[in-house]
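Please study the sequence and the structure shown below, and keep both at hand while working through the exercises.

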Amino acid sequence: MAPLTIGFLMDPLETVRVDHDSTFALMLEAQKRGHQVRYFEQGWLRFNGTCAEARMRHVTVRRELGRHFDILDEAPRPVSSLDVLFMRKDPPVDAEFLHATQLVELCGTGRPPVFINEPSGIRDANEKLYSLRYPDLMPDTRVTSELPVLLDFIARNAAGTILKPVDGFAGKGILFLSATDRNARSAVDMLTRGGREAVMAQAYIPESRQGDKRILLVDGEPVGGVLRVPSDDDHRGNMAAGGVPRKAVLTPRDLEICERLKPELVKRGLRLVGIDVLGTYLTEVNVTSPTGLVEANLLDDVCVEAKVLDVAERLVAERAAR
């Protein structure tokens, strides 16, 4: 295949952790294949009167702490100048984020790039709420801002309840409450901002002490995973919250969950997805900038980013043939 121009809409490249960041691993793989790598930040995106453009940096990258990239040039370029655009801006999915997913689609008379993931799919698939489409795969769950409903749900779960902000990420704002916790009313009032914002409440899964499983799906197929084990003094397995990565073994139930999700993920153009499984239950479907590629590679002896770039190249070739 002829070299492609591959863009990454992401957080500042200066801040990435070269030994952990999934987006950086994708950039390295694109460069390894001879593709030109450009990156830009959300705030650099704009509409120029006819189409979306951004101040883009053409970069070379290397896994070398402290000097992990060089800028070859920097200039405004239309989004349509890219063959592929990886939408890799980290949450929160706020108004500015949603505006960016709308802007990148405005290519005027130019051809839009192949998106990974599709902006419309990202808008539709809130990482907490999308899994509610499959209630039979999930633990008992409520989403509401009503304090009496939440307090009643907490009181009826003898093993405990997990509360999550609907737009939360990286384990932030997640609380465990027991059925008799005297902090329950205060915690619910705080998370819902006095009953003004909905939160997700899920029955606690005791198997979570053994870790939650991040399974990476490429084109709907499981290609790797990592078990994120919480520390002894925390209930959260997120690596950003101190969880320790361990090798994950995919069970028949895990594969069943992946198979159920695949048709809709592919239909929505959600080509790179990280699902979270606790015990036998699906808890989240992460589509904005799912992490865990580097850890899955090390633990499973795979190369997830190579599988993702295979898909990107195939989609470009299929489009060119039409």
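The model is predicted, so local features need pLDDT of at least 70 and side-chain atom pairs count only at pLDDT 80 or more, whereas totals for chains, interfaces and linings use all residues. Residues are numbered from 1 along each chain as its sequence is written, and side-chain values use heavy atoms, with hydrogens and water left out.

**Exercise 1. Determine the strand order of the open sheet of four strands, and describe the helix that packs on it.**

Step 1. Helices (H or I, at least four residues) and strands (E, at least two) are DSSP runs, numbered from the N terminus. Two strands pair if DSSP finds at least two bridges between them.

Step 2. The order of the four strands is E8-E11-E9-E10, and their pairing is antiparallel. Strand E8 (141-144) and strand E10 (175-177) are the edge strands, each pairing on one side only. From one strand to the next, the twist averages 25 degrees.

Step 3. Strand E9 (residues 161-165) is joined to E10 by three bridges. Within this pair, Thr-161 stands opposite Leu-177 in E10.

Step 4. Helix H5 (residues 184-191) packs on the sheet and touches E9, E10 and strand E11 (199-203), where touching, or contact, means heavy atoms within 4.5 Å. The direction of H5 makes about 150 degrees with that of E10. Such angles run from 0 to 180 degrees between N-to-C directions, and axes are lines fitted to C-alpha atoms, for helices over the stretch in contact.

**Exercise 2. Describe the surroundings of Thr-141 and state whether this residue is buried or exposed.**

Step 1. Thr-141 is located in strand E8.

Step 2. The relative accessible area of Thr-141 is 17%. Thr-141 is therefore buried, since buried means under 20% relative accessible area, exposed over 50%, and partly exposed in between (1.4 Å probe, protein chains only).

Step 3. Not counting residues up to four places away in sequence, Thr-141 touches Leu-132, Phe-153, Met-200, Ala-201 and Gln-202.

Step 4. The side chain of Thr-141 makes a polar contact with the side chain of Gln-202 (3.4 Å). A polar contact is a pair of N or O atoms within 3.5 Å; within protein, one must be able to donate a hydrogen and the other to accept it, and residues adjacent in sequence count only if both atoms are side-chain atoms. The side chain of Thr-141 also reaches the backbone oxygen of Pro-139 at 2.7 Å.

**Exercise 3. Characterise the packing of helix H1 against helix H8.**

Step 1. Two packed helices are described by the angle between their axes and the distance between the axes.

Step 2. For helix H1 (residues 22-32) and helix H8 (residues 304-321), the angle is about 60 degrees and the axes are 9 Å apart.

Step 3. This angle makes H1 oblique to H8. Angles under 35 degrees count as roughly parallel, over 145 as roughly antiparallel, 65 to 115 as roughly perpendicular and the rest as oblique.

Step 4. On the side of H1, the contact is made by Ala-25, Leu-26, Glu-29 and Ala-30, and on the side of H8 by Glu-305, Ala-306, Val-308 and Leu-309.

**Exercise 4. Locate Ser-289 and identify its polar partner.**

Step 1. Ser-289 occupies the loop between strand E16 (281-286) and helix H7 (293-300).

Step 2. Ser-289 is buried, with a relative accessible area of 7%.

Step 3. Beyond its neighbours within four places in sequence, Ser-289 is in contact with Arg-88, Lys-89, Asp-90, Pro-91 and Glu-127. With one of these, Asp-90, the side chain of Ser-289 makes a side-chain polar contact (2.6 Å).
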